[in-house]
Amino acid sequence: MLEDRATAVSSPTQWPAAYPKGYAVVDVETTGLARDDRIISAAVYRLDERGEVEDHWYTLVNPERDPGPVWIHGLTSEVLEGAPLFADVAEEFAARLDGRVLVAHNAVFDWQMIAREYARAQREAPVRQRLCTIALSKELGLPLPNFKLESLAAHYGVVQQRAHHALDDARVLAEAFQPSLRAAAAGGVRLPLLECRPLTEWSDRPVPRQSSGGYGAYRPTSWRPSRRKTACPYPNPGRYEDGKRLKQGMRVAFSGDTSVDRELLEDRATEAGLHIASSISRLTSLLVTNDPDSGTSKVVKARQFGTPVVDEAAFGQLLRDVEPADG
């Protein structure tokens, strides 16, 4: 039980006043990993400000299309046939999230899937901040062999009963998050909170159901009008210099979690006349990341090449005033 595991890290008597007042530990299972994939089940454990469980909730969701990798999540078309649509559970889901920090393992994925479902339903998820337990594990310096949920669970002695079942994954994460939260509070650790911005750019392009053929027969179409990455028409003027303006043609790369949907950020940068780079090289003008101390390949290469690094907020400010290309 959560209460028993909490004894491993005693709750500090002086709780940080800046910490959130409540959390919603979330897990969603989906038809796949792409931006046009759908949620097929969701679970929420509501926790109070010190990580004590208040209640939990679980639902299946009919995606109105092929359920995807059944061999992973076990949810067939027959199981999901009578499940409610996301629009039918959106209000209850929102009530579970309202006023709380969304907590998930690799939170950017869960948040973006949730935000896209609400955009399709022409609503907004009432989430303003999220916390990724991978990022929190890094802040705490936990001696994990990797950052999989199973490794975090094993570190705290949490037993997984049904992997890739949303309710059990959410339970496991809640049980691992509680001692992590208390360790952070005891050590005065800054929680790695990120802003959540609802998606409002969407297009209702329904995907036809598959009558046969399974997941392999599914051909994805985007829920949002697809955009082609056109070649940047401007020459690369070189690296960004601190205190100066971005200039059209600069090569910009992104790494890690962002508050704004990554593809929307790339759209805005492209519209401003910047070149979106998928990797880091000596020609890269700027790396945008909210986690400059991470060990991702892009961050490591940026250090090696001396590529300037700014966070998402600074980049947003720079996008407001991009210098025209020469000529």
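Predicted model: local features only at pLDDT ≥ 70, side-chain atom pairs only at ≥ 80, totals over all residues.
Guide: Residues are numbered from 1 along each chain as its sequence is written, and side-chain values use heavy atoms, with hydrogens and water left out.

Visitor: Why is the pair of W57 and F93 called tilted?
Guide: Rings of Phe, Tyr and Trp (its six-membered ring) pair if their centres lie within 6.5 Å; planes under 30 degrees apart are stacked, over 60 edge-to-face, the rest tilted. Here the centres are 5.4 Å apart and the planes at 40 degrees, so tilted it is.

Visitor: What makes W57 and F93 a tie between parts of the sequence?
Guide: W57 lies in strand β3 (residues 53-60) and F93 in helix α4 (residues 86-97), so the pair joins parts 36 residues apart in sequence. Helices (H or I, at least four residues) and strands (E, at least two) are DSSP runs, numbered from the N terminus.

Visitor: How do you know that α8 is largely enclosed?
Guide: Buried means under 20% relative accessible area, exposed over 50%, partly exposed in between (1.4 Å probe, protein chains only). In α8, 18 of the 22 residues are buried, so the rest of the structure largely encloses this helix.

Visitor: What makes the span of helix α8 agree with expectation?
Guide: The expected span is 1.5 Å times one less than the number of residues. For residues 166-187 that should be 32 Å, and the end C-alpha atoms are 31 Å apart, which agrees. Just after α8, G188 takes a positive phi of about 65 degrees.
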